[in-house]
Amino acid sequence: KEKEEEQRIRTELDRVVDFWLKYSHDKEHGGFFNCLGKDGKVYDELKYVWLQGRQVWMYSRLYRTVERFHRPEILEAAKSGAAFLQKFARVQASSGPGKCAFCLTRDGRTVKFQRTIFSECFYVMAMDELSRITQDKEIMMDRLIFWVQTDSSDLGRPQLPGDLPINSMAVPMMLLCLVDQLTEGRTDVAEKYKDLSGWCVERILQHIQRDGKAILENVTLNGKELPGCQGRLQNPGHALEAGWFLLQYALKKGDVQLQKTAVDKFMEIPFHTGWDKQHGGLFYFLDVDGHCPTQLEWNMKLWWPHCEALIAYLMAYSHSREPVLLDRFKQIYDYTFTHFADEEHGEWFGYLSRQGELVLDFKGGPFKGFFHVPRCLYTCEKLLDGLLERQDS
């Protein structure tokens, strides 16, 4: 069964890569079209910086680590995307290195900024991964750390008197992901960011709430529950993604207790609370007290939580060999591949109703690009290859 799943995942990854190679490249201005219809047709020429960075990272990672993707057109695509980002994404400010734009025109003019760090984070990820091939280095990591830990005023988000400072799980998760990227195979860099890794893990663990029975998306800076809808919010896909980030970190550190926490708290809890027992699939948002979430899309089934769940449970099973974890993987696998994958045109749909029916049929948009699907398939292929090798030996 695992061999069949590995082959399906391998084939699906090839189809996804081919889809973006065929339809997303802007040969005139560089970079990538992000807004692609179900058949690959461009329906909007705006370019989203975080998605540009994600695509550069994914192409570079595939080129560097998977033999069948060590192809000139993939490396050239990564270089083209990186050149577009280097030329247009960053805007200098008088106080020092400026923010990255969130959205650009096709030819690189700034359309919009966001008061977050995520465009910058994926810019760093992209440039670091490509630098492992080209040896060209350009990193703005220190600026990101300053914004998160010291002074966020450059982000343009004023601290209003009624707006409590919060620990949003997305921020330490993103920084932990970046540290993993920057330190891979680099002992000196790992030492430099050792304290930051510990800070990220501590901040993520603060989201275990309700006597260890819930993972909440937002908490106070000292790890307490926030009042109202913001404090009760649960995002099962995000918690599962945090779970495999923590497990990956804990395995490298040899931290057995953190490995257990990653699985028991950040995988099992959001899976049990987030899985729709009537229609299958993971809810997008939930309220820990059972109120209706205020997010209009709360009961939809989105592609990326299922991608993260697949990685989480296969990684957990690969480490522990607990059969129940493999059962979870298979349950999510069956739902994901029967509902999101598009057999006709390739790639995956992203947005389904609670009942699992297609709601939005585009393959790429402002929040869906060449990242969650290929990263999931790439990671699962590697994990399954490792499992099959151990079986054969």
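Are Phe 122 and Phe 371 buried or exposed? Both are buried, taking buried as under 20% relative accessible area, exposed as over 50% and partly exposed as in between (1.4 Å probe, protein chains only).

1. A word on the basis. This is a predicted model, where local features need pLDDT of at least 70, side-chain atom pairs count only at pLDDT 80 or more, and totals for chains, interfaces and linings use all residues. Residues are numbered from 1 along each chain as its sequence is written, and side-chain values use heavy atoms, with hydrogens and water left out.

2. You'll find 27 aromatic pairs here. Rings of Phe, Tyr and Trp (its six-membered ring) pair if their centres lie within 6.5 Å; planes under 30 degrees apart are stacked, over 60 edge-to-face, and the rest tilted. One of the pairs is Trp 57 with Phe 371, edge-to-face at 5.9 Å centre to centre and 65° between the planes. Trp 57 sits in helix H2 (residues 49-65) and Phe 371 in the loop between strand E14 (358-360) and helix H14 (372-392), so the pair ties together parts 314 residues apart in sequence. Helices (H or I, at least four residues) and strands (E, at least two) are DSSP runs, numbered from the N terminus. Trp 57 is buried too.

3. Now back to Phe 122. Its ring centre is 5.6 Å from that of Phe 371 with the planes at 75°, so this pair is edge-to-face. Phe 122 belongs to helix H4 (residues 118-134) and Phe 371 to the E14-H14 loop, so the pair links parts 249 residues apart in sequence.

4. One aromatic cluster takes in Tyr 48, Trp 50, Trp 57, Phe 102, Phe 122, Phe 367 and Phe 371.
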